[in-house]
Amino acid sequence: MAIAATQSFPSIGSQFLNESSAKVPIGLCNHSLRSMRLNAKQLIQFAIKHKLDSVLFNNLQPLESLDESYLKDLKKLAQSGGVSIFIGAGNISEKSPNFKDNYGSPEELLKKGIRVASLLGSPIVGCRIGNIKDRYSKGGIRAHIEAVVKLMKSMRQQLQGAQLKFAFENHAGDLRTSELLTLIDETGTDICGALFDPANSVWAMEDPMIALQNLGDTIICSSVRDIQVWPTDEGATFQGTAIGEGIIDWDLYTKLMANQCPGVPMHIETISNSARPVPFLKPEFWKGFPNLPASELVDFLNFIKTGKKLEIIIPPEGVDKRNFDVEYQQSELLKSADYLRKIAMQD
């Protein structure tokens, strides 16, 4: 049975709907082109060139400056090409080993994120805890949830003044859907929604289609890629693919997005050619999921039977590894965009 979504967020997606756009706008996440090392301006130019609707910066690093004039110029560039901008602050849990203080404390980071989002016209400030390793830290994932909820609630006045919302991501296996919904509810649905990544739900032992339905209209931002997954002696392994080359039903996925949260872009974040284990047959793995009932694994166990094993592609001899990655990542992104456009044309 699906967990009930907490509240609708019509203002997020509706501002990006127009007569000429699809119900589900297609964008890119900067991480999909990580080997190209593009800055924010170059990423926007890439989106304009390839007729994408949106860009998601999943942290502030693509920005070469936080100066107002620089940010306003980026906004003008994006608007000139019909591209919307979604901005993320990144990891905001000081308890996580992955937290970086490049922009100060988590509070200072969110203040900067709110200011940047306001100047760029982003409706959200994306944020997250870290990765699956945080489930094994002192106090488990609950300690991280409590810390970030307290932080986000302390920013309510500033966030509402800027007419923004936090979009909290299920990142690298750190949060299951029920935990993300709890986090959103405890923070307040007036200031927080979900940034959903279907591949990351697999990392946390969930069927991504069921996770999508359970999150429902709490989704106010998304990053997407396809996957293959297969059983192993240790449990399962999954690997990202270009959209259309994995086992996610994208026709149904886009219909659900259009119905649950119309206008919210799907930002392509292809992370292909990199396998991730989910070793749930190892006893030590369960230390990170101490209260997870077996009944909540049934859908996942059925899901992992539907995929097939993928081999890692090695660059041909004599081919520079970075050049190979640049071409491969760009190809995976553009194939994904073309596939989603074909689905949109069929509707």
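**Exercise 1.** In this predicted model, what span would be expected for helix 4 (residues 106-120), and how far does the helix reach?

Solution. Helix 4 contains 15 residues. The expected span is 1.5 Å times one less than that number of residues, which for helix 4 gives 21 Å. From its first C-alpha to its last, helix 4 reaches 21 Å, close to the expectation.

**Exercise 2.** Which residues of helix 4 are buried, and which elements do they pack against?

Solution. Take as buried any residue under 20% relative accessible area. In helix 4 this selects Pro106, Leu109, Leu110, Gly113, Ile114, Val116, Ala117, Leu119 and Leu120. An α-helix has 3.6 residues a turn, so residues three or four places apart point the same way. Next, list the partners. The helices are helix 3 (68-80), helix 5 (140-154) and helix 6 (156-161). The strands are strand 3 (84-91), strand 4 (124-128) and strand 5 (165-169).

**Exercise 3.** How does the radius of gyration of the protein agree with that of a compact globule?

Solution. For 347 residues, a compact globule would have a radius of gyration near 20 Å. The protein has 19 Å, which agrees. Along its principal axes the C-alpha trace spans about 55 × 50 × 40 Å. Buried residues account for 56% of the 347.

**Exercise 4.** Among contacts between residues at least 6 apart in sequence, what share joins residues at least 24 apart?

Solution. Contact means heavy atoms within 4.5 Å. Of the contacts in question, 80% join residues at least 24 apart. The protein in which they occur has 12 helices and 11 strands.

Definitions and conventions
Residues are numbered from 1 along each chain as its sequence is written. This is a predicted model: local features need pLDDT of at least 70, side-chain atom pairs count only at pLDDT 80 or more; totals for chains, interfaces and linings use all residues. Side-chain values use heavy atoms; hydrogens and water are left out. Helices (H or I, at least four residues) and strands (E, at least two) are DSSP runs, numbered from the N terminus. Buried means under 20% relative accessible area, exposed over 50%, partly exposed in between (1.4 Å probe, protein chains only). The radius of gyration is taken over C-alpha atoms; the globule rule is 2.2 Å times the number of residues to the power 0.38.
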